[in-house]
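Thanks for making the time this morning. I would like to go through one model with you, a few places at a time, so please have the sequence and the structure in view.

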Amino acid sequence: MTALAAAPATSPSTPSPAPASSAYAELCELLRNTSTLGAVSQLLSWDQETYMPPLGAGTRAEQQAMMAALVHERRTSPRIGELIGACERDDALVGKAGSETAANIREMRRDYDLATKLPGELVAELARVGSQSQEVWKKAREKSDFAMFAPWLEKMMALTRRKAECYGVKAGPDGPGELYDALLNEYEPGMTAKRIEAIFTPLRASLGELIAQVGASKAKVSTKCLQVKVEPADQHEFGHLVIEAMGFDLRAGRLDVTTHPFCSGLSPGDTRLTTRYRDEKFTDALYGTMHEAGHGLYEQGLPKMAQGKRPGLFGQPLSEAISLGIHESQSRMWENFVGRSKHFWKWAHPLIGKHLSRKFEKYGVKDFYAATNTVTPSFIRVEADEGTYNMHVMIRFELERALLAGQLAVKDIPGEWNKRYKDYLGVKVPDDRRGCLQDVHWSFGLIGYFPTYTLGNLYAAQFWETIQEQIPDLNKQISKGKLLPLKEWLNENIHRHGRRYLAADLCKRVTGKELSAEPLLRHLREKAAAVYGV
Ligand code: ZN
């Protein structure tokens, strides 16, 4: 894989072959087998979202349930526990704090303890009720009928609360913990609700000011250049051109069409991207594709495959992504910091005239830059612009935290939702379909997931400032379509470490600072100044 080739083979922190400990070797082998099973299950999901005929859904659910049970059984096998214990007693493996084997074993322990805290019966119940609840959610959303979904959300909240209780609440550096932390820990290890609140509260105030300034500005920004119709087949071809320029290795990945775009890093040499097309506003698909390819580059850059003398680490924590926040930082960086920049449009503008439509030629780089950086408060998170997006996330964080703590009843969600949309974004939510029923997450118990979207934006902005310092002519390169130096920087500084560091530690290591909202605010203010003159 090209992603792996970027990391120098002699680098001192390149993962090295496993030491000659038989427990460690057996452990790595067992985990590789478990991940192989997991990859089969992911492939079933990918197929379900892309090519499976509708009548296949029944047997697919059975196949998925069977795979989930098999994977859980393997992940929690007592043999894995024994082997981890043996490795933890072996000084050659864990004696040097921060070494790769020590980090690998630390993370294996973390995974094992989390998995074994959940009774198999609860895992099965979460999967079963989650899948039913998701079906009800689809219908309820269509009809904009929250009352129809509410009893299922009650059930999912009860199961999710039970899951959090099984994980247990630990006090952290910020004081006593809360149930929410236990769930957040699945997606963003080491993060707490209090820490998120401390970051989000000032961010919300600053974003509110920025949105108000833009709202008061007299500047009129035209988005006419995005209304030119483009055939989906041409968009698909153009998407390939862009992701290849980004360095996404199509010998080790694919781009397909789906309803809800995602990226699936199945196994070594196989990363699947999906996107969706509309005739108008081709940038929705373009940015969707760049977003997923950002996730895909991370997956391809993880040391899963054998490279030269170094064995592939597939199945081991060192070959996996640190957290959802860091994963999202990779996708948002390519989508927003690269894709919505003037420099990108300098490169892409002549290309869209050539490959997509001659009609684009009557517009200029400035038109595309402005049109793709408008700030307009709206109801729908996935369609929100960069300036307002994080407000949508904060509303969900506040509500789900209150739900889990028992401070908010399910029946009161629509009212609280709409009130916050009025307060934070100044919009009146017209109905629950475009309000609290818009996202799928809560229907299958994904509580604690939303904040990672904003964390991703914050990490992306902070990494971006460091990258600008370390690759001084980066913008010039982007304007020529030379995107590989950025990809290689990400390979070297972020991807190849896998889960060696916690997200907070990686952030400090890479940027020299703790995570802060300031870089994102600087980025958004700079764009608002360029587009709206505020
Ligand atoms: Zn994403």
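Tyr 51 has 48% relative accessibility, so this residue counts as partly exposed, where buried means under 20% relative accessible area, exposed over 50% and partly exposed in between, with a 1.4 Å probe and protein chains only. Before I go on, please keep in mind that this is a predicted model, in which local features need pLDDT of at least 70 and side-chain atom pairs count only at pLDDT 80 or more, while totals for chains, interfaces and linings use all residues. Residues are numbered from 1 along each chain as its sequence is written, and side-chain values use heavy atoms, with hydrogens and water left out.

What about Trp 46? At 8% relative accessibility, Trp 46 counts as buried.

Now to the aromatic pairs, for which rings of Phe, Tyr and Trp (its six-membered ring) must have centres within 6.5 Å, and planes under 30 degrees apart count as stacked, over 60 as edge-to-face and the rest as tilted. By this rule the count is 18 aromatic pairs. With ring centres 5.7 Å apart and planes at 65°, Trp 46 and Tyr 51 are an edge-to-face pair. Elsewhere, ring pairs join Tyr 187, Trp 417, Tyr 421, Trp 442, Tyr 449, Phe 450 and Tyr 453 into a cluster.

Next, the metal site. Which protein donors does the zinc ion have? They are His 291 (NE2), His 295 (NE2) and Glu 328 (OE), at 2.1 to 2.3 Å from the ion, where donors are N, O and S atoms within 2.8 Å of the metal (3.2 Å for Na, K and Ca), and since water is not among the atoms, sites may look incomplete. Along the chain, these donors follow the spacing H-x3-H-x32-E. His 295 sits in helix α12 (residues 282–301) and Glu 328 in helix α13 (residues 324–338), 33 residues apart, so that the pair links distant parts of the chain; helices here are DSSP runs (H or I, at least four residues), numbered from the N terminus. Both His 295 and Glu 328 are buried.

Finally, a residue in a loop: Ala 97 lies between α5 (91–94) and α6 (100–117), and with a relative accessible area of 74% Ala 97 is exposed. From Ala 97 to Asn 491 there are 394 residues in sequence, and 24 Å in space, C-alpha to C-alpha.

Terms used:
Helix = DSSP H or I, 4+ residues; strand = E, 2+ residues; numbered from the N terminus.
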